[in-house]
Amino acid sequence: MGLGGATSPTAPTAPVAGSTIVYTAVGASDANGVGSSVECLPLIDCPNGMGYVPVTVRALTTQGFKVTNRNLGIPTAVIGRDFQALGQQYGRTILGNFIDSEMSFVLSNSTVITIFAGVNEISTITAALGGGAAGTGDPNAYIDAQVKAFGADYATLLAGIRSASGNPRIIALNVPNLAGLPLLAGATLGQKQAAQRAAVGMTTTMVNALLAQGVVVIDLMCDSRTYIASNYSSDGFHPNDAGYAFIASEVVKAITSSSYPAPQNSCAPMTLVPS
């Protein structure tokens, strides 16, 4: 199932060298660079930050672009109110969601918008499963229903962004397989299977499908660098400077390239653990 029911223009062409880029980042702690050597606060100018957003801004500036940036990242945030409520129900601290807390603050003259959602949602889903949310039912069916809810929220978010800002170049980072991150190295097989099923479902049926709506998709799921342990901070979850640097390099390419490669819908990282 993709994000049905929405129509949109094709992706705007890449910006001309030396032009002005108005860049809004929609995200969670990743946008703030949590885990890096210089973290940033939401909505605060952070020119020396080491997360992927400020690193991207510096790289674009070095290439000759004039860049205005608004970083909307809220640590712990999820995509919609439903995931925020679910997480809070099962003991997770979630301070906001993209639809209610970020969407309306997107710069109306944005020419580029990045969106990175899915990771905190998977942590919410697995916490809910651990708390008995599936009851006596099939855990896989519960995960699949949450993946569909994620897709519905993504459609709402995209519609709101486009309503507010016209036709910017929208770049979505797809969802990596959390089962391959250092955070879950010591998790049970069941926990890893749940995380993998949610991530693969979100990426293949929801985020990658955004290509048909003129969105550029960065393939974190199938990028081997996503699963290098040395790219992560000590918590095993947030990238460190090296991890954010590789993400920023892809964001810069996705912004400036006229033919950024499409994501894969099948790759080895999708089956890191047996199903």
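Author: α3 and α6 are oblique to each other. Angles under 35 degrees count as roughly parallel, over 145 as roughly antiparallel, 65 to 115 as roughly perpendicular, and the rest as oblique. Helices are DSSP runs of H or I, at least four residues, numbered from the N terminus. The model is predicted, so local features need pLDDT of at least 70 and side-chain atom pairs pLDDT 80 or more, while totals for chains, interfaces and linings use all residues. Residues are numbered from 1 along each chain as its sequence is written, and side-chain values use heavy atoms, without hydrogens or water.

Reader: At what angle do α3 and α6 pack?

Author: Axes are lines fitted to C-alpha atoms over the stretch in contact, and angles run from 0 to 180 degrees between N-to-C directions. Helix α3 (residues 81-89) and helix α6 (residues 139-165) pack at about 140 degrees, with axes 9 Å apart.

Reader: Which residues make that contact?

Author: Contact means heavy atoms within 4.5 Å. Asp-82, Phe-83 and Leu-86 of α3 meet Tyr-142, Gln-146, Ala-149, Phe-150 and Asp-153 of α6. Sort them by class: Ala, Val, Leu, Ile, Met, Phe, Trp, Tyr, Cys and Pro are nonpolar, Asp, Glu, Lys and Arg charged, and the others, Gly among them, polar. This contact has 5 nonpolar, 1 polar and 2 charged residues.

Reader: How do the axes of α5 and α6 cross?

Author: They come within 11 Å and cross at roughly 150 degrees. That makes α5 roughly antiparallel to α6. Glu-121, Ile-125, Ala-128 and Leu-129 in α5 face Pro-139, Tyr-142, Ile-143, Gln-146 and Phe-150 in α6.

Reader: Where does Ala-134 lie?

Author: Ala-134 sits in the loop between α5 and α6. Leaving aside neighbours within four places in sequence, Ala-134 contacts Leu-129, Pro-139 and Tyr-142.

Reader: At what angle do α2 and α8 cross?

Author: Helix α2 (residues 52-62) and helix α8 (residues 241-256) cross at roughly 50 degrees, their axes coming within 8 Å. That makes α2 oblique to α8. This crossing is right-handed. Among the residues in contact are Tyr-52 and Val-55 of α2 and Tyr-244 and Ile-247 of α8. The contact divides into 10 nonpolar, 2 polar and no charged residues.

Reader: How many cavities of 30 Å³ or more are there?

Author: Rolling a probe the size of a water molecule over the atoms shows where empty space is left. On a 1 Å grid over the protein atoms alone, a cavity is a set of points where a 1.4 Å probe fits but cannot get out. The count is 1 cavity of 30 Å³ or more. The largest cavity has a volume of about 300 Å³, taken as the space filled by probe spheres set on the points, which are joined across faces, edges and corners.

Reader: Which residues are the closest to its centre?

Author: Of 25 lining residues, they are Asp-30, Phe-116, Val-119, Phe-237 and Pro-239. A lining residue has an atom within 4 Å of a point. α1 (29-32), α5 (119-130) and α8 each supply at least two residues of the lining. The largest share, 4 residues, comes from α8. By class, the lining has 16 nonpolar, 7 polar and 2 charged residues.

Methods:
A crossing is left-handed if the near helix is turned anticlockwise from the far one by less than a right angle, and right-handed if clockwise. On a 1 Å grid over the protein atoms alone, a cavity is a set of points where a 1.4 Å probe fits but cannot get out, and a pocket is an open set with protein on both sides within 12 Å along at least five of seven lines; lining residues have an atom within 4 Å of a point.
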